[in-house]
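Reader: I'd like to go through this model with you. Can we start with the chain as a whole and then go into detail?

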Amino acid sequence: MSNEREVIGIHAEAKRGNPLAHVFDELTRFCRARSLFMLHYCTGCGAIELPPAMTSRFDMERLGIQPMVTPRQADILLVTGYVSVKTLKRIILTYEQMSAPKYVIGICSCTVNGGMYWQSYATAKVLKAYLPVDMYIAGCMPRPEAVIAGLRALIDDIEADRAESWKRYYQHYDHYLGNQQSLFGDDWQTPTDILAEAEHYGLLGEHTRGKHTALLERHQRPLEALEMRLRVPEEPE
Ligand code: SF4
């Protein structure tokens, strides 16, 4: 690990002395900010504002943003309203499958604090307790203009190298995992090896591991193939 840090340090040092590296970084950020694939996870009523935001009236494609149906290719995860405990599991599975850098936007007041469902036993109240959220677009529900304004703000943040919440998931994984375990139970696990990814990105920090990752390691099971259930039912005699 220390070797890896030394190599990163040498690269950073070489970069400081090379103005072209900065130009290339800026160009990369510019291109990244203007070619975003968005996975819209339509959990609540806020989803109804997306068709006008996507289509000819507001036309989010002019900003370089277009919908994407798979997490592997998506850059933005858009959560559009209240999140039930059951749905939150799927949101976390989806988020962890996206490759970095990745960005999360919470649309609607329900993602901020539970909104009108704040007393519901079945609703996860604060999205950012379970995932790092880059931006909230509040309202019940926010209009398409607000959605477009939020996306523009995210583009500015990516271009200015400020949209770095995804790194927090690796650096503070024990915190996020602890909140997930308190909601889903001690044996909560996902197929993605976040600790290995944190190491891969050089983001293993002092808060990556802790008592919650230790609990995860105790309960973790290797993925097993699902049982095939294609047997044709027998005909009645
Ligand atoms: S904030 Fe309002 S519109 Fe949005 S999901 Fe909650 S109840 Fe629905």
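**Chain, sheet, domains and ligand**

Author: In the protein chain, 82% of the contacts between residues at least 6 apart in sequence join residues at least 24 apart. Two residues are in contact if their C-beta atoms, placed from the backbone, lie within 7 Å.

Reader: What kind of model is this, and how are residues numbered?

Author: This is a predicted model: local features need pLDDT of at least 70 and side-chain atom pairs count only at pLDDT 80 or more, while totals for chains, interfaces and linings use all residues. Residues are numbered from 1 along each chain as its sequence is written.

Reader: How many helices and strands?

Author: The protein chain has 10 helices and 7 strands. Helices (H or I, at least four residues) and strands (E, at least two) are DSSP runs, numbered from the N terminus.

Reader: What share of the residues is buried?

Author: Of the 237 residues in the protein chain, 28% are buried. A residue is buried if 20 or more other C-beta atoms lie within 10 Å of its own, exposed if 12 or fewer, and partly exposed in between, with C-beta atoms placed from the backbone.

Reader: Now the sheet. What is the strand order?

Author: The order is β2-β1-β3-β5-β7, an open sheet of 5 strands with parallel pairing. Two strands pair if DSSP finds at least two bridges between them.

Reader: Which strands are at the edges?

Author: β2 (65-67) and β7 (135-137), each with a single partner strand, so one side of each has no neighbour in the sheet. Neighbouring strands are turned by 25° against each other on average, direction ignored.

Reader: Which helix packs on that sheet?

Author: Helix α6 (residues 144-159), which touches β2, β5 and β7; its direction makes about 165° with that of β7. Axes are lines fitted to C-alpha atoms, for helices over the stretch in contact, and angles run from 0 to 180 degrees between N-to-C directions.

Reader: Switching to domains. Where are the bounds?

Author: Domain 1 covers 38-163 and domain 2 covers 164-221. These bounds come from an automatic or database domain assignment. The centres of the two domains, taken over C-alpha atoms, are separated by 22 Å.

Reader: How many residues are in the contact?

Author: The contact takes 19 residues from domain 1 and 14 residues from domain 2. Helix α4 (residues 85-97) gives the largest share of the domain 1 side, 6 residues. That side divides into 13 nonpolar, 1 polar and 5 charged residues. Here Ala, Val, Leu, Ile, Met, Phe, Trp, Tyr, Cys and Pro count as nonpolar, Asp, Glu, Lys and Arg as charged, and the others, Gly among them, as polar.

Reader: And what surrounds the ligand?

Author: The residues around the ligand include Cys45, Tyr82, Cys108, Cys140 and Met141. A residue is near a molecule if its C-beta atom, placed from the backbone, lies within 6 Å of it. By class, the shell has 7 nonpolar, 5 polar and no charged residues.

Reader: What about cysteine 108, buried or exposed?

Author: Cysteine 108 is buried, because 26 other C-beta atoms lie within 10 Å. Its phi is near 90°, a positive value in a residue other than glycine. Cysteine 108 is in the loop between β5 and α5 (109-113).
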